[in-house]
Amino acid sequence: MGRAVTVATCALNQWALDFEGNLERIFRSIDIAKSKGARYRLGPELEICGYGCSDHYYESDTLLHSFQVLEKLLESPATQDIICDVGMPVLHRNVRYNCRVIFLNKKILLIRPKISLANAGNYRELRWFTPWSKARHVEEYFLPRIIQEVTGQETVPFGDAVLATKDTCLGAEICEELWAPNSPHIEMGLDGVEIFTNSSGSHHVLRKAHARVDLVNSATAKNGGIYILANQKGCDGDRLYYDGCAMISMNGETVAQGSQFSLDDVEVLVATLDLEDVRSYRAEISSRNLAASKVNPYPRVKVNFALSCPDEIAVPTCMPIQWRHHSPEEEISLGPACWLWDYLRRSKQAGFLLPLSGGIDSSATACIVYSMCHQVCLAVKNGNADVLADARRIVNDETYIPEDPREFCKRVFTTCYMASENSSQDTCNRAKLLAEQIGSYHINLNIDAAVKAVVGIFSVVTGRTPRFSVYGGSSRESLALQNVQARIRMVLAYLFAQLTLWARGMPGGLLVLGSANVDESLRGYLTKYDCSSADINPIGGISKTDLKNFIQYCIENFQLTALRSIMSAPPTAELEPLVDGQVAQTDEADMGMTYAELSVYGKLRKIAKAGPYSMFCKLINMWKEICTPREVASKVKHFFRMYSVNRHKMTTLTPSYHAENYSPDDNRFDLRPFLYNTSWSWQFRCIDKQVSAL
C-alpha cells in the first residue's frame, strides 16, 4: 500500500493569448514541482491560452494554438515521470468545452470537461462554453493529428471520470464546481476518491479570500481527503486581478498556503501527505460510509503509475498550518499595486501620471503606486530576475537595480497638481508634501489661462458670458463652468503623459491614472471626461470608507505623515470660487448624501438586488433609530434620481480594478440601462403609500 504521496499545485501569472509566455511559465512550474519530488502537478484554469480570452474563445486559432502548446508539453522530457494536469479549451463533436487535459509520459489519460460554468458577476462562461451534462459518462475523443503523432493515440477518454493510480484515486473539479451546491467532490469522495483537484480562475474581491479557504477546508472536513487548489494570479488583460492563494488541504485543515499577492510569475506549492490519514479519518464517519455503500460509481481510468515514494517511511509529511488572512487595508495596498505592475510592464509604457489634487482619492491612488514600488524593490531584493528585467526595461537602464522605493517612484511616477483660481493653498501644499514623501516627480501648473480661453470662445460665439452662482449666475452656468475646469484637467493630463518624458530627454510615455472611487461612480458624482477619464483606475472598485482606512494604514506603515492633513480635510472638488480664501464647496453637500450612506445604497442595489421600494423597506428598519420613514423615503428617492440621471456616465467609466461586489461597472459586471425614466413614478408611489400607512 502506498502511503506518502507528494503533490504540487501552483499559481501562475498567465496572460490571455500569450501562448509563448504561458508555455514558458507552465514549464517552469513543472520543473519546480519535479525538483521538489512531486509526482502530480496541477495548474490553473485554462492556463494554456489564459483565462481571460473572452470572445477569442470563438476563434479556431485559440483552439489550434492551445493544441500546439499541448504538443510542446507532451513531447518535452520535462513532463516525463509526473502526471501533468493542464487547462485549455477543447472542441468535442462541434461543442466547445472548458477542459482539463491530464497526461503522463506522452500519453493523454483523460480530458475532463467542466460541469458547472461560472456565469454571474464578471463571468460569462456560458457565452463561450457548454457545460458537460452527462454525469459519470465517458466518450471517445478523436485527437488532432499533431497530438496523435506525439502520443500514438487515436482516441482518449473524454468526460466525467476519475483516475485510479497504483496507490490512490484522483478526481478533478474546475473552479465554479467547488462553489456549486452539488459539488462533484461530494459524490467522488463517497466513491473512494482520495485526492480532489481544483483548477481555478478566481479573482480578488476585498474580504473574499476566507470564503475560498473555508470552502476548500470544508470539502474534506465532512468527507475526508486531500484537496489541491491551483489559481491564476495577476492581471491577464482586463479589470480583474486573480489573487493566487494556491493551497493544499487535508481532512478539513490547511497544510500548504500560497501567497495572495506577489510579483512572482510562477509560484509552486508542494506537499507530502499520508494517504493512511485520509483512510483512518474516513473510517469512523459511519454516515459517510453508509452513503458510500450506495453511491453510483464513477468510470475509472487506470494509470500504471504511483504518486507515493519508494522510501515512503523516511519522507516527512506536512502538518496543518494556520491560514493567515490579510486585512482589507493590506489587500488594498497589495492587490491594486500588483495589478498596476502587471499593466505597466505588459503595456510597455515608462510609468504613470496622476493628477494629484491633495484629496483622499488621488492620494490613495498615489499610495498604491508607492506600494507597487515597495513590492518591486522587495521582489528584486528576494532575487526575482523577471521583476528586475522588467524594471530595467521600464526605466531604460540595463544596469539599474531598484533598491529604494522613493528613488524608483521618482523614475516611474509623475504627479501633477493642476491649480485654478478656485484651488486653495492647503490642497496645493498637501499634494506637494505627499509627492515629496513618496518621491514622485511632481509638477505644479495653473489651468486658468486654458479655462479663460475656452470660455472666451463660447462668449465670442454667443455674446454671453456664464457666471458662477455666487456671482449671480444660474445653476446651469455654474455647473458648466465647473465642468470646463474638470475637462481641461483631463486634456492636460494626457498632454503631459505623452510629452513629460520627452521634455525631460527620456524615452517612452506615461499611463494616466484615474482616481474616482466606487461610491462616486455609483452616484455619478463626476464630470464625464474629466480626470476620472484615464487609462486605468486602481481605486474605481473601492469605497470611500475603505480608502480612508487605507490612508490610515499608509500613515502607520509607510510613515507618510502628509496624509494626516489629507485625512482631516473635508472632501471637495474645488471647482467653485473660494469664499474669503477658503473652500466653500464640499462633496457630501453637493451630493446630498454622505459617503457612508452611498456605500449602503450601493450594497443594497447590487448585492441585495433592491429596487427603490425594496431599498426603502430595508432601510426603514436599518435606520429606524436615526430616520423617520418619511426621511428614509426622501433619501431613497434622491439616490435613485441621481443614480438614474447619471447612469450614462458608467458607459465611459475608466477600466477599474474590480474590488467590490457592488461595483457599478457597466462593461460586464453591472448590466443596466443608461436611459431611465428618472421620475420612477410607479416605484415612488408605492413608497409614498407605505409612508402614509406608517
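Select β13 and β14 to begin: these two strands form a hairpin with two residues between them. In the turn, N251 has a positive phi of about 50 degrees. Strands here are DSSP runs of E with at least two residues, helices are runs of H or I with at least four residues, and both are numbered from the N terminus. Two strands pair if DSSP finds at least two bridges between them.

Before going on, note that this is a predicted model, where local features need pLDDT of at least 70, side-chain atom pairs count only at pLDDT 80 or more, and totals for chains, interfaces and linings use all residues. Residues are numbered from 1 along each chain as its sequence is written, and side-chain values use heavy atoms, with hydrogens and water left out.

**Stop 1: around the hairpin**

Stay on β13, residues 247–250. M247 and S249 point one way from the strand. I248 and M250 point the other way. All four are buried, meaning under 20% relative accessible area; exposed means over 50%, and partly exposed is in between (1.4 Å probe, protein chains only).

Next, select β11, residues 226–234. Four bridges join β11 to β13, and the two run antiparallel. Here I226 stands opposite M250 of β13.

**Stop 2: N251**

Select N251, in the loop between β13 and β14. Is N251 buried or exposed? It is buried, with a relative accessible area of 13%. Show its contacts, counted as heavy atoms within 4.5 Å. Leaving out residues up to four places away in sequence, N251 touches T220, A221, G224, G225, D277, V278 and Y281. Then draw a C-alpha to C-alpha distance from N251 to S218: the two are 8.4 Å apart in space and 33 residues apart in sequence.

**Stop 3: H185**

Move to helix α6, residues 184–190, and pick H185. This residue is buried, with a relative accessible area of 8%. Which residues is H185 in contact with, leaving aside neighbours within four places in sequence? They are E173, L178, F196, A219, N223 and Y227.

**Stop 4**

Select N105, in the loop between β4 (95–104) and β5 (107–113). Its phi is near 50 degrees, a positive value in a residue other than glycine. N105 counts as partly exposed, at 28% relative accessibility.

Then select R207, in the loop between β10 (195–200) and α7 (209–221). Phi of R207 is near 70 degrees, again positive in a residue other than glycine. R207 counts as partly exposed, at 41% relative accessibility.

**Stop 5: the parallel sheet**

Select β17, β18, β19 and β20. In what order do the four strands lie in this open sheet? The order is β19-β18-β17-β20, and the pairing is parallel. At the edges are β19 (441–446) and β20 (511–512), each pairing on one side only.

Zoom in on β17, residues 352–355. Two bridges pair it with β20 in the parallel sense. F352 stands opposite L511 in β20.

Y441 counts as partly exposed, at 26% relative accessibility. Not counting residues up to four places away in sequence, Y441 touches K410, F413, T414, T415, T500 and R504. Among these, take T414: its C-alpha atom is separated from that of Y441 by 4.7 Å, though the two are 27 residues apart along the chain.

**Last stop: the whole chain**

Zoom out. The protein chain has 24 helices and 20 strands. Its radius of gyration is 28 Å, close to the 26 Å that the globule rule gives for 694 residues, so it is as compact as a globular protein of that length. That radius is taken over C-alpha atoms; the rule is 2.2 Å times the number of residues to the power 0.38.

Along its principal axes, the C-alpha trace spans about 90 × 75 × 45 Å. Buried residues make up 59% of the 694 residues. Of the contacts with a separation of 6 or more, 74% are between residues 24 or more positions apart.
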